[in-house]
Amino acid sequence: MPGTHHSKLGPWGNFWATMTLLGLAVHAGQRADVAGEAADASINHSLKMLQRLRELQDLGNESDTVLRVQAAGTDEVHVFHAHRLLLGLQSEVFQGLLYNQSEVTLQEPRDCAAVFDKFIRYLYCGELSLLMSQAIPLHRLASKYGVTSLQQGVAEYMKSHLMGEMGGPGPAVGWYHYAARTGNEDLRESCLQFLAWNLSAVAGSSEWGEVTPELLAQLLDRSDLVLQDEFELFQALEVWLGRARPPTTVAEQALRAIRYPMIPPAQLFQLQAQSPALARHGEAVGDLLLQAYQFHSASPLQYAKFFDVNGSAFLPRNYLSPAWGALWVISNPARDDRSTSFQTQLGPSGHDAGRRVTWNVLFSPRWLPISLRPVYADTAGAALPAARPEDGRPRLVVTPASISGDAAGVSFQKTVLVGARQQGRLLIRHVYSFHQSSDEAGDFLAHTDLQRRNSEYLVENALHLHLIIKPIYHSLIRTHK
């Protein structure tokens, strides 16, 4: 126990007795192997050893090391009586610090000093419990003292707890900044992906005000952002500009990252008339607004004759509005095949506002690839291999009912969002994309067991999918210079 010291032998003597017994058991087993005998039983006292180690840490019996942990900027000192052998086994840093000395003083930030008892417990027992607010200080301690297993464990915890509890503000933005500062690329990318796929939830929380210009620029550059439409993204950006009050160059660069051709003309008029950001920085995006109005005023075929439509401004993001797709909730998805249909707008251009494409969708929970299907032989009495249900995998096929000549110069990217429940919120867990040349998402839920009612992909025993169709324009003629 921190701050206490007991000199009686207690569990420490029992611990070494247990170690001795286990050592004898292992030695006897090794001799049996050498003699050619096959071991027909094993002895496992690992749980008892773990309990002894907990007692050893809690009581501090027979300790030979004192750690004095001082919280930076305060007179607060936490004292831990520990055992050099166990600390050195887990950390080469501690092994060096404690070489030829039995007492050390460690200076730690306040948040790290507050969780140092949990850190020490992990070094003894290989386990700990933690709250979201304790993840960064524990990861910092693990990094500082070279405890790789704890580093990895906390990082995995962070990647699976990116949404705030009970729908409150989440840690994804703060954890992204921490990962970027420390060079943890895997955690940084996980946070960035989570923010992109759940931008509506993040933009509506207090987290949004903590976004740095660097993170904002990365988000605005992505085509996999999931949100209602581009108009919602502009509104979220305007809120950020009002909170952050960045330099003019940062604000104008962010406003130029909005994809104005994806915003209908009526909403563009509204922005020009009512947006404080455009009132302040309108000249910086005047050329982009003109481009958007030109795009909406002509057919895509006519526009593509004179202007390049291959830029990101003409590429839709993952929009949730009905013009771009449909929500499909499949109850008891493991039961049988299902099908549905929905309509989307032919394209984002105002010229195509009244044109629709109908899409047919087939979902099969246990489709068998050709390689696993039964092969029928001509030989009489030949046994046919049984096709087991567990050999199949979920399958999703999206096909157009018909494509008219109006779709010339347009291809369609199909995107499927898979929702999951986390901390009481429905979030996007996976995104699958496939192009017009393919009707099927090849790896759709490839390793998912939809038979389990507690599957992480099911919400109240239902599979939540959102199907999105993204029109992509292609230049038909070399643009005029």
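The model is predicted, so local features need pLDDT of at least 70 and side-chain atom pairs count only at pLDDT 80 or more, while totals for chains, interfaces and linings use all residues. Residues are numbered from 1 along each chain as its sequence is written, and side-chain values use heavy atoms, with hydrogens and water left out.

**Exercise 1.** Work out which residues of helix α9 are buried, and what covers them.

*Solution.* Start with the terms: helices (H or I, at least four residues) and strands (E, at least two) are DSSP runs, numbered from the N terminus. Buried means under 20% relative accessible area, exposed over 50%, and partly exposed in between (1.4 Å probe, protein chains only). Next, go through α9, residues 172-182: Ala 172, Val 173, Trp 175, Tyr 176, His 177, Tyr 178 and Ala 179 are buried. Then look around them: the cover includes α7 (135-144), α8 (148-159), α10 (185-197), α11 (199-203) and α12 (213-220). Finally, step past the end of the helix, where Gly 183 follows with a positive phi near 75°.

**Exercise 2.** Zoom in on His 177: is this residue buried or exposed, and what does it touch?

*Solution.* His 177 sits in α9. Its relative accessible area is 14%, so it counts as buried. Now list contacts (heavy atoms within 4.5 Å). Skipping neighbours within four places in sequence, you get Glu 210, Val 211, Thr 212 and Leu 215.

**Exercise 3.** Find what the side chain of Lys 414 reaches.

*Solution.* First place the residue: Lys 414 belongs to strand β10, residues 410-422. Check its accessibility, which is 2%, so Lys 414 is buried. Then follow the side chain, which gets to the backbone oxygen of Val 398 at 3.1 Å.

**Exercise 4.** Describe the second largest pocket and its lining.

*Solution.* On a 1 Å grid over the protein atoms alone, a pocket is an open set of points where a 1.4 Å probe fits, with protein on both sides within 12 Å along at least five of seven lines; lining residues have an atom within 4 Å of a point. The volume, the space filled by probe spheres set on the points, is about 320 Å³. There are 18 lining residues, and the closest to the centre are Val 226, Leu 320, Leu 426, Leu 427 and Ile 428. Sort by element: α11, β10, β11 (425-434) and β12 (462-473) each supply at least two, and β11 gives the most, with 4.

Definitions and conventions: Polar contact = N/O pair within 3.5 Å; in protein donor to acceptor, adjacent residues only side chain to side chain.
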